Amino acid sequence: MTTHAHHLGTGQAGTLLRRAVLARSDSAWEAAHRTARVISTQPVTAHPDHASLYCGAPALAYALHTARHPAYRSALETLDETVAGLVSVKLTAARERMTTGRPPRMREYDLINGLTGLGAYLLHRRTRPELLEYVLRYIVRLLLQPVTVDGRAAPGWWTSDSPNGRPDQAWPYGHGNFGLAHGVAGPVALLALCVRAGFRVPRQQQALVHACRLLEQWSSSVPAGGTAWPETITAERWHQGPAPSTTPGRPSWCYGTPGIARALQLAALACDRPSGRRHAEHALAACLTDSSQLDSLGDATVCHGWAGLALVVATTAADAAPGSPLPGQVPLLRDRLAAHVDQHPMTDTAGLLTGSDGVLLTLHTLTPARPVAPTWTTCLLLN
C-alpha cells in the first residue's frame, strides 16, 4: 500500500478521520484542524488510475465528511464534484468492459481501489443518490451476469489478474476472491447496506439472494468445528466446486472469515434469508473459539489484526439473532486488543488499515464508558 498523505489506509487521511471522530465526541478540534491544514498543502489526485475510496480525493472527502465540521463544507462541495467525475469515468470503463464479456481487473470493483469503495463513499455522503444508483446497478450486474474465462462461464466478479492485483503466470485464468477488501464480499456488503439505508435498484434482491447462496455454498467445514471460506480460488477449483473441508486462514477483516461472515449476515438480513444469517453468525462465533485461528493474528491492526476482528464482531453482534454468543464476545475482544497493544507497543505509523490510527479509533469505538458512533466504519463496509 502507498503511504500517500491522502491515503485513508496508510496515510494522514486516516489520522484526520480518527481525530475528527474523536473531536465530534469531545469538541477538541485543534488536532483535526491541524492535520487537515497539513494535508491541504499537498496536491490531491483524482486520476482514475490512482484515486479511490482509500486514496486521493475520495479518501480526503470521506474523512472531511465524517468530521461534519462547518469549516470543511466548502472543500467538501468541491471534492464532491471531483469524486462524481471520477465515478462516472470508472463506470463508463466498467460498462464498456462488460459488453465484451471479459472478466474485470480486481481494482475495477473492489472496496480498496474500485467502484465498491466509491459506492461506500456515496452511501456515506448521501449527496448524489442518482450516482449511487448507477453504482448499485453496476454491482447487481457484476453479481448476476457471468463472464467468459478460458471458454467457460465464470461469475461476473471473477478477476482477470492474480491475488496481488497484477497478471501472473501462476494464475493464467485469473482468480476468484471471496474477501471483503478485494473480493466479492465487498460488493455484497455494499448492496446490503444500501437496502438498509433505503437505496434500491431493479434486481437488487435477486442479486442478494444469489450472493447468499454463493457464500453459503462456498464455505467448508474446518477441523475445530464451524465453517470458513477460501480466500482465493483458481478457475480449476471454481469448476470443481467447493471442497468438503478447508484449513481456515487468518481471522481478519480483509480476507478472512470475519469479514465474509459480516457480508453474508448483512445480505441475509437485507433479503430476509434466515438460513444465511444463521450460517454467518455461526461461522463467526466458531472462529472465536478456535485457538488455532486466533493464534494466527500477529498484530493489532484493523486490516488483518485484533482491531479488525473486534470491529467485525461488534457490528455483527449488534445485528445478531437473540441468544447469539456474539454480544458477549465484544468486551472480551476489546480487552484482548488492549492487552496486545500494552504488550506490543504500536509503531508511530499513520492510517486506518495498517497504522495506529485504526487501532486507537477501534479502542475508542468499543469503549463502553465513552463510545464513539460506529458510522465511520462504512469505509470498512461494516455499517
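Helices and strands are runs assigned by DSSP and numbered from the N terminus, a helix having at least four residues. In this predicted model, the loop between H8 and H9 contains Arg203. The phi angle of Arg203 is positive, about 70 degrees, although Arg203 is not a glycine. Most residues other than glycine have a negative phi.

Asp150 is not a glycine, yet its phi is positive at about 55 degrees. Asp150 is placed in the loop between strand S1 (147-149) and strand S2 (152-154). Its relative accessibility is 47%, so Asp150 counts as partly exposed.

The discussion now turns to helix H8 (185-196). This helix has 12 residues, which at 1.5 Å a residue should span 16 Å; the C-alpha atoms at its ends are 17 Å apart, and this agrees with the expectation. The expected span is 1.5 Å times one less than the number of residues. Of the 12 residues of H8, 11 are buried, so the helix is largely enclosed by the rest of the structure. Among these buried residues are Ala185, Pro187, Leu190, Cys194 and Val195. The covering of the buried residues includes helix H5 (106-109), H6, H7, helix H9 (204-217) and helix H11 (257-270). After H8 comes Gly198, which has a positive phi near 90 degrees.

The largest nonpolar core has 132 residues, and Tyr54, Trp253 and Leu380 touch the most other members. H7 provides the largest share of this core, with 10 residues. Leaving out residues up to four places away in sequence, Leu380 touches Tyr54, Leu111, Leu180, Trp253, Val302, Leu311 and Leu353.

Apart from neighbours within four places in sequence, Ser356 is in contact with Met346, Thr347, Thr349 and Gly351.

The largest pocket contains about 390 Å³ of space. It is lined by 19 residues, of which Arg68, His124, Thr375, Trp376 and Thr378 are the closest to its centre. Helix H1 (12-26), helix H3 (57-67), helix H6 (115-125) and H8 each contribute at least two residues to this lining. H1 gives the most, with three residues. By class, the lining of the largest pocket consists of eight nonpolar, seven polar and four charged residues.

The structure also holds one cavity of 30 Å³ or more. The space in the largest cavity is about 30 Å³. Its lining is formed by Arg97, Met98, Arg141, Leu142, Gln145, Pro146, Val147 and Gly156. Helix H4 (73-100) and helix H7 (129-144) are the elements that give two or more residues to this lining. Four of the lining residues of the largest cavity are nonpolar, two are polar and two are charged.

How values were computed: Residues numbered from 1 in each chain as written. Predicted model: local features only at pLDDT ≥ 70, side-chain atom pairs only at ≥ 80, totals over all residues. Heavy atoms only, no water. 1 Å grid on protein atoms, 1.4 Å probe; cavity = no way out; pocket = protein on both sides within 12 Å on 5 of 7 lines; lining within 4 Å. Points joined across faces, edges and corners; volume = space filled by probe spheres on them. Nonpolar A, V, L, I, M, F, W, Y, C, P; charged D, E, K, R; others polar. Core = buried A, V, L, I, M, F, W, Y, C linked by side-chain atoms within 4.5 Å. Buried < 20%, exposed > 50% of the residue type's maximum accessible area, 1.4 Å probe, protein only. Contact = heavy atoms within 4.5 Å.
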